[in-house]
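User: I've got a model open on my screen and I'd like to go through it piece by piece. Can we begin with how some of its helices sit against each other?

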Amino acid sequence: MDLKSEKILIAGAGISGIGAAALLGKAGIAAAIYDGNEELDKEAVAAKLPEGMEISFELGEFKEELADKYDMLILSPGISIHKPVAKAFYDRKKPVWGEIELAAHFAKGKIAAITGTNGKTTTTALVGSILREYYKSVFVVGNIGIPFTSVALDTTEDSVIAAEISSFQLETTIDFQPEVSAVLNVTPDHLDRHGTMEVYADTKFSISKKQNKEQFIVLNYDDPITREMAKKATARPVMFSRLEELDEGIVLRGDTFIIKEDGKELPVCTTSEIKLLGSHNHENILAAIGITYYMGVPVEQIRDAVMKFTAVEHRIEYVDTVDGVDYYNDSKGTNPDAAIKGISAMTKPTILLGGGYDKKSAYDEWIDAFHGKVRYLIVMGATAQAIADTAKNHGFHNIIFADTFEEAMNIAKEKARPGDAVLLSPACASWGMFKNYEVRGKVFKEIVRKFKG
């Protein structure tokens with residue numbers, strides 16, 4: 001499609017929408033931005049775009065006539081495909097693209113695309129580190145914090161791209177075709193938007209919908225949902241397992257990560273040689289080995305990168321020790337399954353901070369994972385009562401309510417004893433209290449620094 005001949009409307013004036021507009025501007029393509037905020041500062045938005053870019057605005061309540069006025073819609077991932085602005089374009093059979101589809105339209109080179117409920121950021125960062133050991137032109141983009149749209153025009157035919165992609169972003173992919181895709185796991189999350197687990201899982205699997213038999217999809221054998229995806233994949237399935245000895249794939253045998261292919265075994269490294277904490281990270285490493293091996297990276301470079309890699313910010317991140325108490329920032333534990341990984345990694349009696357925005361999650365398995373490790377559970381936010389009720393139903397009663405994040409931190413400091421750990425692993429999104437999980441994690445670290453004086 002020649003976008004220069006299309007009248008393009010971008011829905012959303014946030015980071016994603018501005019990124020899409022900037023990409024179009026750099027490519028010499030005019031666009032309009034739609035936003036429901038009638039008071040939007042148009043000059044501030046325009047200042048973030050390429051100088052001289054032709055941009056117009058459609059502000060206020062959405063009117064269906066806009067879908068007649070424009071040929072296609074670029075939809076920000078924060079806006080559901082079921083919202084009126086998207087539905088109007090779908091009803092008229094006009095293209096609705098997201099930022100990933102738009103960026104891929106302009107990008108060159110080969111893409112490794114990673115999705116899943118948990119582990120995406122760590123795996124994507126590790127994949128990027130491995131790729132950099134072997135390739136000269138490497139981009140790490142997507143939900144990890146660098147919009148794909150911001151670098152798409154910088155890529156060349158020799159580039160390789162590691163892209164973390166959320167289910168929200170996958171809703172609007174059409175012809176997106178990675179060389180290697182990966183679905184790490186699928187556990188309940190974002191059901192307030194996707195409705196059912198079946199729809200959520202299908203959305204995750206759509207990362208591979210345009211792949212062919214010469215390409216690869218890396219899947220978690222230990223997850224029954226992703227294991228089933230191998231049966232209907234159009235790409236060649238590559239399974240990884242932490243728990244099973246597969247005939248082919250990427251496995252953890254004892255303490256050794258091994259690539260098994262065509263009757264050969266290629267040891268990569270051992271768990272004693274890596275810096276990542278927790279069995280969930282063993283899964284992330286297995287996935288990253290599979291992704292990069294089938295992106296053409298030799299085993300020696302994979303080994304070197306895996307052994308050097310350290311944890312990403314906000315994911316079971318050791319912050320400091322204050323008065324004999326270790327503080328860990330797992331703000332990225334934004335759903336119960338991710339938070340289970342956080343508490344499972346703790347080796348000391350733990351004061352746990354939880355709660356936040358309500359994504360309609362169930363907390364039973366998270367509470368069960370406490371296994372005598374959690375001394376106190378401090379809850380806050382919209383989900384505080386629901387979490388407390390679930391904990392009591394499972395026989396856990398050391399629960400303290402906090403009205404603010406700062407109050408929760410002060411309570412944790414008061415209750416913690418030398419030899420304990422304080423863990424922020426909320427099992428919930430941060431919305432309503434913070435802009436995002438990064439801000440929540442940074443505030444946690446700032447307060448720990450204040451504690452230390």
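User: Which residues of α1 meet which residues of α5?

Analyst: On the α1 side they are S16, A20, L23 and L24, and they meet E99, L102, A103 and F106 in α5. By class, this contact has six nonpolar, one polar and one charged residues. Here Ala, Val, Leu, Ile, Met, Phe, Trp, Tyr, Cys and Pro count as nonpolar, Asp, Glu, Lys and Arg count as charged, and the others, Gly among them, count as polar. Contact means heavy atoms within 4.5 Å, while helices (H or I, at least four residues) and strands (E, at least two) are DSSP runs numbered from the N terminus.

User: Before we go on, what sort of model is this, and how are things counted?

Analyst: This is a predicted model, in which local features need pLDDT of at least 70 and side-chain atom pairs count only at pLDDT 80 or more, whereas totals for chains, interfaces and linings use all residues. Residues are numbered from 1 along each chain as its sequence is written, and side-chain values use heavy atoms, with hydrogens and water left out.

User: Okay, back to that pair: what is the angle between α1 and α5?

Analyst: Helix α1, residues 15-26, packs against helix α5, residues 99-106, at an angle of about 20°, and their axes are 10 Å apart. That makes α1 roughly parallel to α5, given that angles under 35 degrees count as roughly parallel, over 145 as roughly antiparallel, 65 to 115 as roughly perpendicular and the rest as oblique. The axes are lines fitted to C-alpha atoms, for helices over the stretch in contact, and the angles run from 0 to 180 degrees between N-to-C directions.

User: And is that crossing left-handed or right-handed?

Analyst: The crossing of α1 and α5 is left-handed, a term for the near helix being turned anticlockwise from the far one by less than a right angle, with right-handed used if the turn is clockwise.

User: New topic: which residues of α4 are buried?

Analyst: In helix α4, residues 84-91, the buried ones are V85, A86, A88 and F89. They cover an arc of only 160° around the axis, which puts them on the same side of α4, and the arc is that of the directions from the helix axis to the C-beta atoms. These buried residues pack against β1 (8-11), β2 (31-35), α3 (65-69), β4 (72-75) and β5 (96-97).

User: What comes after α4?

Analyst: α4 is followed by K93, which lies in the loop between α4 and β5. K93 has a positive phi of about 55° although it is not a glycine, and at 76% relative accessibility K93 counts as exposed. Most residues other than glycine have a negative phi.

User: How about H371, what is its phi?

Analyst: Phi of H371 is near 45°, a positive value in a residue other than glycine. H371 sits in the loop between α14 (364-368) and β18 (374-379), and H371 is exposed, with a relative accessible area of 68%.

User: Back to helix pairs: at what angle do α6 and α11 cross?

Analyst: The axes of helix α6, residues 120-132, and helix α11, residues 279-293, come within 9 Å and cross at roughly 45°. The two helices are therefore oblique to each other, and the crossing of α6 and α11 is right-handed. By class, their contact has eight nonpolar, five polar and no charged residues.

User: Last one, where is C428?

Analyst: C428 is in the loop between β20 (421-424) and α17 (437-452), and at 1% relative accessibility C428 counts as buried. C428 and G333 are 95 residues apart in sequence and 7.1 Å apart in space, C-alpha to C-alpha. Leaving aside neighbours within four places in sequence, the contacts of C428 include G333, T334, N335 and R440.

Notes
Buried < 20%, exposed > 50% of the residue type's maximum accessible area, 1.4 Å probe, protein only.
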